[in-house]
Amino acid sequence: MHYDRLEIRKAEDRAADIARKLPAAITRAQRAPAYAALLHDVHADSITDVDLLAQLPVTRKSELIRLQAETPPLGGFNGTPVEDLVRIFASPGPIHEGQVKGVDPWRYGRALHATGLRRGQLLHNCFAYHFTPAGFMLDGGARALGCPVFPAGPGNTEAQARAAAQLRPVCYAGTPDYLKAILEEGERLGLDLSCFRMGHVTGGAYLPALRSFYTDRGLRVLQSYGTADCGLIAYESEAGQGLICDEGVLVEIVRPGTGDPVPDGEVGEVLVTLLEAHDPLIRFATGDLSAVLPGNSPCGRTNRRIKGWMGRADQATKVRGMFVRPEQIAEVLRAHPGLTRARLIVGQAEGHDTMLLRVETPVRDASLAESLARSLLGITRLRGEVALEEPGALPNDGKVIEDTRPA
């Protein structure tokens, strides 16, 4: 039922494993030139859990893009020499990712196993095998399970349906909506595609109506969340209650634009630390929003769960010709101890941009509002109004900047 015993271990056993692996991951990272500079004053042996990890700086995609442009191809974030890599990919950004040796370096075998794929069953893989690593990520996971793969790639739906009718794959891998397109094309052509019994989807929104479409046809189609940089981050099990974090990563949820952890249940940006990768990432900001779900999954897996993808954390917007970013709003809050949540509403009145900073606080003090307005001006160089709100008044959706101006 489970991929290995790591999935069902006790919390104290997982914590002990993290206490051993996390310092080792930081030490490996410090051997890479970029991390040697970023983490030069960090004593790796002292970072033994996720709370202590929060002391370290965040690694952002913008920094990867800049350093990779300055020092191609990988910007000094690789501990593995380029000549020892199997492949180098180019994802949008552009960001380059190196593939190290090994059958399943992105750890997708665990996610495919949770979907139901077992040794000897054929996987119809519709992820691309060129430029980005997506095709190889699922391919490697299937190989780790002992499963053959049909490397279909994306597009050419009629040929996909005809190949599936002949090869009889049990499982589909691809974006959430493309299996539906293949099935409907098969119906149009009069083909028997009853071979598909399950699917594993990622790389797009898996909406309830689409899930119902598959369920009504007797298909179990589960999803995962991963990135080209990190590999598998979290995956769905048969319980269908949130996504379970992979055993090879540490996931933090922080206030967008910062490295400050938010309470469980609050929506924030996903940071990922790779525990056993040859080329570790430490507190890597995915730019995605999610939230921690309380408790364990009913399927018996005991790692923490997240709600899944809930939008993008990069909410920078231009106001009166100047960019305003979530980290600036976080800086405003840090200037006023005791305040934790705020939202900047960017609007328009009479053709002019406006800003309203809504701040949760139990204090109703005009001097606080005036002080916040001064901080907002000093940090963003833009004037805005301030509204003091009751604690809990702001929506729990991870938004720090909300742009309400007409498109």
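This briefing describes the strands, helices, cysteines and salt bridges of one predicted model. Local features rest on residues with pLDDT of at least 70, side-chain atom pairs count only at pLDDT 80 or more, and totals for chains, interfaces and linings use all residues. Residues are numbered from 1 along each chain as its sequence is written, and side-chain values use heavy atoms, with hydrogens and water left out. The structure holds 34 salt bridges, while a search of the whole structure finds zero disulfides.

**Terms**

- Helices (H or I, at least four residues) and strands (E, at least two) are DSSP runs, numbered from the N terminus, and two strands pair if DSSP finds at least two bridges between them.
- A residue is buried under 20% relative accessible area, exposed over 50%, and partly exposed in between (1.4 Å probe, protein chains only).

**Strands**

- Strand β1 (residues 87-91) and strand β2 run antiparallel and are joined by five bridges, with Ile88 standing opposite Gly98 in β2.
- Three residues lie between the strands in the hairpin of β1 and β2, where Gly93 takes a positive phi near 150°.
- Strand β2 (residues 95-99) has a covered face made of Ile95, Glu97 and Gln99, whereas His96 and Gly98 make up the uncovered one.
- An open sheet is formed by three strands in the order β10-β11-β12, with antiparallel pairing; its edge strands, β10 (249-254) and β12 (284-290), each pair on one side only.
- The twist in this sheet averages 30° from one strand to the next, where axes are lines fitted to C-alpha atoms (for helices over the stretch in contact) and angles run from 0 to 180 degrees between N-to-C directions.
- Strand β11 (residues 268-274) is joined to β12 by four bridges, and Gly268 has Ser290 in β12 as its bridge partner.

**Helices and a loop**

- In helix α4 (residues 61-70) the buried residues are Leu64, Leu67 and Gln68, and, seen down the axis of α4, they fall within an arc of 100°, so they line one face of the helix; the arc is that of the directions from the helix axis to the C-beta atoms.
- The buried residues of α4 are covered by parts that include α2 (33-38), β2 and β12, while the face turned away from the buried side carries the exposed residues Ala69 and Glu70.
- Helix α6 (residues 134-144) is mostly covered, nine of its eleven residues being buried, among them Phe136, Met137 and Leu138.
- Gly146, which follows α6, has a positive phi near 80°.
- Gly120 lies in the loop between α5 (109-115) and β3 (123-125) and is exposed, with a relative accessible area of 52%.
- Residues up to four places away in sequence aside, Gly120 touches Gly146, Cys147 and Pro148, a contact being heavy atoms within 4.5 Å.

**Cysteines**

- A disulfide is counted here as a pair of cysteine sulfur atoms within 2.5 Å, and the sulfur of Cys126 is 11 Å from the closest cysteine sulfur, in Cys171, too far for a bond.
- Cys245 is likewise in no disulfide, with the nearest cysteine sulfur, that of Cys230, 12 Å away.
- Cys126 is buried, with a relative accessible area of 5%, and Cys245 is buried as well, with a relative accessible area of 2%.

**Salt bridges**

- A salt bridge is a side-chain nitrogen of Lys or Arg within 4 Å of a carboxyl oxygen of Asp or Glu.
- Glu269 forms a salt bridge with Arg60, their closest N and O atoms being 3.4 Å apart, and this pair links distant parts of the chain, 209 residues apart, with Glu269 in strand β11 and Arg60 in the loop between α3 (50-53) and α4.
- Glu269 is buried, with a relative accessible area of 4%, whereas Arg60 counts as partly exposed at 25% relative accessibility.
- Asp246 forms a salt bridge with Arg110, the closest N and O atoms being 3.3 Å apart; Asp246 lies in the loop between β9 (243-245) and β10 and Arg110 in helix α5, so the pair ties together parts that are 136 residues apart in sequence.
- Asp246 counts as buried at 1% relative accessibility, and Arg110 counts as buried at 7%.
- A network of salt bridges links Asp4, Glu7, Arg107, Arg110, Glu238, Asp246 and Arg301.
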